[in-house]
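Hi everyone, thanks for coming.

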Amino acid sequence: MAALNRLLLVALLWVPAGALSCYGDSGQPVDWFVVYKLPAHNHPGDAVWRGMRYKYLDEKSGGWRDGAGSINSSTGAVGRSLLPLYRGNTSQLAFLLYNDQPPDSSMVQDSSSCGHTKGVLLLDQEGGFWLVHSVPRFPPPASSGAYSWPHNAQTYGQTLLCVSFPLSQFSEIGGQLTYTYPLVYDFKLDGVIAQKLPILEKVVSGSHVTQEPWNSSVTLVSQAGTAFQSFAKSGKFGDDLYSGWLAAALGSNLQVQFWPNSRGTLPSNCSGTQHVLDVTQISFPGPSGPSFNATEDHSKWCVAPEGPWACVSDMNRNLREKYRGGGTLCAQLPALWKAFQPLVKNWTSCIE
C-alpha cells in the first residue's frame with residue numbers, strides 16, 4: 001500500500017518533460033499566474049491554515065479564486081511550477097534563485113549593496129518562466145530536495161507573479177537583472193543554455209551596470225504572445241521606482257501596495273503630473289472576501305486606478321530603496337487590472 005501511495009504521489013506531481021512553464025492551480029501549464037498569499041488570522045477559522053491560505057489568478061480564472069489548498073503544497077501553482085528544481089535529475093535544466101534575504105542568512109554578511117529584489121529563473125532549451133515575488137528566504141535551494149514555504153513568511157501577505165517565456169526572452173531578462181543587481185544564492189548554468197545566454201553567467205558572477213543610464217525598460221513577450229513591460233533600476237538611479245520613474249513611464253496615476261513597516265517610508269507623492277498614492281487597506285471582493293491593512297501585507301504591487309496597467313514588484317517605497325536596485329513587471333491585461341484595481345480599499349492622500 002505504501003508503494004502504491006508513492007506511485008500515486010509521483011503521478012500527481014509529474015510535470016511533462018519539455019513543457020517547462022508556469023503551472024496553474026489546475027495542474028496545467030499557464031502563460032501566467034498571480035498568487036496572493038493572505039496574511040494570517042484575517043478570516044474566521046484561519047488558525048487552521050496558519051497563514052497558508054492564498055488567492056489565485058490567471059487569464060482564465062475569471063478573477064481571484066481561493067487557492068487549491070495550502071501555499072506550502074507541491075500541488076498548488078507555486079509548488080508545482082518549482083517542482084523541477086527538486087527532482088534528482090536536472091541535467092537539462094538551468095536556474096537562478098535570487099533573494100536579498102536568502103534562505104541561509106549566514107551566506108552573506110551584508111546584502112544592502114545588492115538589489116532589493118527576489119525571484120526565480122527556471123528554464124530549459126525551449127524556455128521556462130520568471131517568477132517575481134516578495135517572499136524572504138524563498139524558495140529553498142535545489143539541494144534541499146523538496147519545495148517548502150518558509151516559516152518566517154507565514155504571518156504577512158505576499159505576492160508572486162509567474163510568467164512563461166520562450167528561451168529568446170531570457171537574454172533580455174538577464175539584461176534587466178544587471179540593473180537590479182540580485183543576490184544569487186543558488187544557480188545552475190551549463191551546456192547549451194550557458195552558451196546561448198552568457199548574460200546569465202554575468203548576473204551570477206555579480207556583474208552589474210557601471211555607467212548610465214541607471215534604469216532600463218524592455219518589452220518581454222510570453223510564450224503565448226502576451227506583452228509584459230519590465231522596469232529595472234540600479235541603486236545609482238537614486239530615486240523611488242514608482243514616483244521617480246514608473247508613473248511617468250506608464251502615463252498613469254498609481255496606487256502602490258508595499259511594506260509600510262520599514263523606516264523612512266515615503267509619503268504619497270503628487271508633485272508630478274501623475275500621482276503616486278500609498279495603499280493603506282486591501283479588500284478582496286465578495287461578502288466573505290478577506291480585508292486587511294497594508295501593515296499586515298509584505299506584498300509589492302501597484303495599479304493604475306483608471307486603468308489599464310497593473311504591476312507586481314519586489315520594491316518598497318522608502319528612503320533606503322531609492323539607492324538599491326529592483327524593479328517591477330507590468331502588463332495591460334484586462335484580467336490582471338480588473339483583479340487588482342478593486343483590491344484598493346483605502347489609501348493615503350497627498351499632504352497639501
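I'll talk about the cysteines and then about the nonpolar cores.

Quick housekeeping before that. This is a predicted model, where local features need pLDDT of at least 70 and side-chain atom pairs count only at pLDDT 80 or more, while totals for chains, interfaces and linings use all residues. Residues are numbered from 1 along each chain as its sequence is written, and side-chain values use heavy atoms, with hydrogens and water left out.

So, how many disulfides does the structure hold? There are three, a disulfide being a pair of cysteine sulfur atoms within 2.5 Å. Counting bonded cysteines along the chain, the pattern is 1-2, 3-6, 4-5.

Let's start with C22 and C162, whose sulfurs sit 2.1 Å apart. C22 is in strand β1 (residues 22–23) and C162 in strand β9 (residues 158–166), so this pair ties together parts that are 140 residues apart in sequence. Strands here are DSSP runs of E, at least two residues, and helices are runs of H or I, at least four, numbered from the N terminus. The torsion about the S-S bond is about -95°, so this disulfide is left-handed. C22 is buried at 0% relative accessible area, and C162 is buried at 0% too. Buried means under 20%, exposed means over 50%, and partly exposed is in between, using a 1.4 Å probe and protein chains only.

Next come C270 and C350, with sulfurs 1.9 Å apart. This link is right-handed, with 80° about the S-S bond. C270 is partly exposed at 29%, whereas C350 is buried at 14%.

Then there's C311 with C330, sulfurs 2.1 Å apart, and this link is right-handed as well, at 105°. C311 lies in strand β17 and C330 in strand β18, so the pair ties together parts 19 residues apart.

Now the cores. A nonpolar core is a set of buried Ala, Val, Leu, Ile, Met, Phe, Trp, Tyr and Cys residues joined through side-chain atoms within 4.5 Å. The largest has 48 residues, and those touching the most other members include Y36, W64 and L121. Helix α7 (residues 334–340) gives the most to this core, with four residues. A second, separate core has 29 residues, among them V30 and F138.
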